[in-house]
Amino acid sequence: MKRMKLSLTHEMNHSYDILIGNGIMDRAALVLAKGNPEGRYVVIADSTVAGLFGDTVRGILKDAGLTVDMIEFAAGETSKTPETVISIARQLIEIRADRDTTLIALGGGVTGDIVGFTASLYMRSVPYIHVPTTLLAQVDSSVGGKTGVDLPEGKNLLGTIYQPRLVVIDLTFLQNLPETQMKDGLAEIVKYGIIDDEELFSSLENDIGKIGARDIDYIQSLVERACKIKKGIVEIDEHDRGMRRMLNFGHTLGHALEAESGYSLSHGNAVALGMIAAARISEKKGHLGASERRRIEALAGALGLPVSIPAAFDAERLYERMQGDKKRKNGILHFVLLKRIGMPFVNGSIDRRTITETIEEMRVKCTNS
Ligand SMILES: NC(=O)c1ccc[n+]([C@@H]2O[C@H](COP(=O)([O-])OP(=O)(O)OC[C@H]3O[C@@H](n4cnc5c(N)ncnc54)[C@H](O)[C@@H]3O)[C@@H](O)[C@H]2O)c1
């Protein structure tokens, strides 16, 4: 089992461990039992994950001597709403969860965001633990403490930054993860390669077969690398005021696509398209060479991620959606662009025409060089 420490200096928060390994849930339960033997825990999972792993995880925690309850909500991004948070809070009250109760987010990024948000609000905050079960949640959303829910106006518009007490990343959960969800996680790993680690990007290019074969040791190495990058960035900029904005690479258009599709387009697919658009804009503005942009498109394509925007999307409407992005500062939309793979920067002066033209190109002929 690999242990990383995310160290924060902010007085309201604390540092925490990220445990990574294959089949580590029982050891993690013993860690919890050792730290707080009287502890009370409530596992919160969506309907799919509760059905797949709810009993097992509850059993492991109970075997370690812990008191455990379970709360379920309907699977899917459409559950990431204030209503779900209120419903969970009311169920917590019903089972008499108090300020010493720890919530456990068992599931993907949707569950993590909902549970983290609920934990930051319930009885003016209770501790919570992430047990991510999708690749996306293991490499991204479970680390860094961003929580939140969507509003009809856009994604993640209501949220907090509230750090978990522990993150337990068990690769076993990925064994039967559907291909679509694997790809969503891979999109975020590609993002880390692009923004921080050219070697990671090359490794993905060269070892694509290992991903297809679901080589668990290789996937664990990707998870460890991704968590190390994210942890490093969060340690420098917990509150998303500078460096952390690099993690938003591909997300400005990505979030607009997701919301505009009514969340039928997955987060990873939307981010993949957003990353390609950002690379194209970087090239148009003379920052990025065409060969680097082509490498990004080729890797996305090879991983089975989309490289063209479905014709049903309207460029002007997407632009309007982007105006609602919460990363907008003083009315200016900040795009993360590239000088080369591994070297991002923030640019706040991308004109409307460049953005809509890029979207139009991607609707018709993205694979053109
Ligand atoms: N907080 C952050 O820093 C952060 C970062 C990135 C993304 N996010 C958020 O994460 C969300 C996307 O996360 P996601 O892709 O994990 O979505 P998700 O949580 O909806 O999971 C996707 C689907 O996979 C199912 N599932 C989960 N684990 C499974 C398993 N092991 N086997 C089989 N099925 C499984 C779920 O039930 C769900 O139907 C978005 O809402 C996004 O905004 C948050």
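This short talk walks through one protein model, from its overall build to a few single residues.

Before I start, please keep in mind that this is a predicted model, in which local features need pLDDT of at least 70 and side-chain atom pairs count only at pLDDT 80 or more, while totals for chains, interfaces and linings use all residues. Residues are numbered from 1 along each chain as its sequence is written.

Let me begin with the whole protein. There are 14 helices and 11 strands in it, where helices (H or I, at least four residues) and strands (E, at least two) are DSSP runs, numbered from the N terminus. The C-alpha trace spans about 60 × 40 × 40 Å along its principal axes. For 369 residues, a compact globule would have a radius of gyration near 21 Å, and the 20 Å of this protein agrees with that; the radius is taken over C-alpha atoms, and the globule rule is 2.2 Å times the number of residues to the power 0.38.

How much of the protein is buried? Of the 369 residues, 46% count as buried. A residue is called buried if 20 or more other C-beta atoms lie within 10 Å of its own, exposed if 12 or fewer, and partly exposed in between, with the C-beta atoms placed from the backbone. As for contacts, two residues are in contact if their C-beta atoms, placed from the backbone, lie within 7 Å. Among contacts between residues at least 6 apart in sequence, 74% join residues at least 24 apart.

Now to the domains. The assignment gives domain 1 (2-174) and domain 2 (179-365), and such bounds come from an automatic or database domain assignment. The C-alpha centres of the two domains lie 26 Å apart, and their contact takes 28 residues from domain 1 and 29 residues from domain 2. On the side of domain 1 that touches domain 2, β1, β2 (16-21), α5 (135-141) and β8 (154-161) each supply at least two residues, with the largest share, five residues, coming from α5. By class, that side of domain 1 has 14 nonpolar, nine polar and five charged residues, where Ala, Val, Leu, Ile, Met, Phe, Trp, Tyr, Cys and Pro count as nonpolar, Asp, Glu, Lys and Arg as charged, and the others, Gly among them, as polar.

Helix α11 has 18 residues and reaches 25 Å from its first C-alpha to its last, close to the 26 Å expected at 1.5 Å a residue, the expected span being 1.5 Å times one less than the number of residues. Of the 18 residues of α11, 17 are buried, and just after this helix Gly 286 takes a positive phi of about 80°. Helix α4 (residues 109-121) has 13 residues and reaches 18 Å, close to the 18 Å expected. In α4, 12 of the 13 residues are buried, among them Gly 109, Asp 113 and Phe 117. Met 123, which follows α4, has a positive phi near 45°.

That brings me to backbone angles. Most residues other than glycine have a negative phi, and most peptide bonds are trans. Arg 96, although not a glycine, has a positive phi of about 60°; Arg 96 sits in the loop between α3 (82-94) and β5 (101-107) and is exposed, with 9 other C-beta atoms within 10 Å. Asn 156 is likewise not a glycine and has a positive phi of about 55°, but Asn 156 is found in strand β8 and is partly exposed, with 19 other C-beta atoms within 10 Å.

Finally, the start of the chain. Met 1 lies in the segment before β1 (2-6) and counts as partly exposed because 14 C-beta neighbours are inside 10 Å. Leaving aside neighbours within four places in sequence, Met 1 is in contact with Leu 19, Gly 21, Ile 24 and Arg 27.
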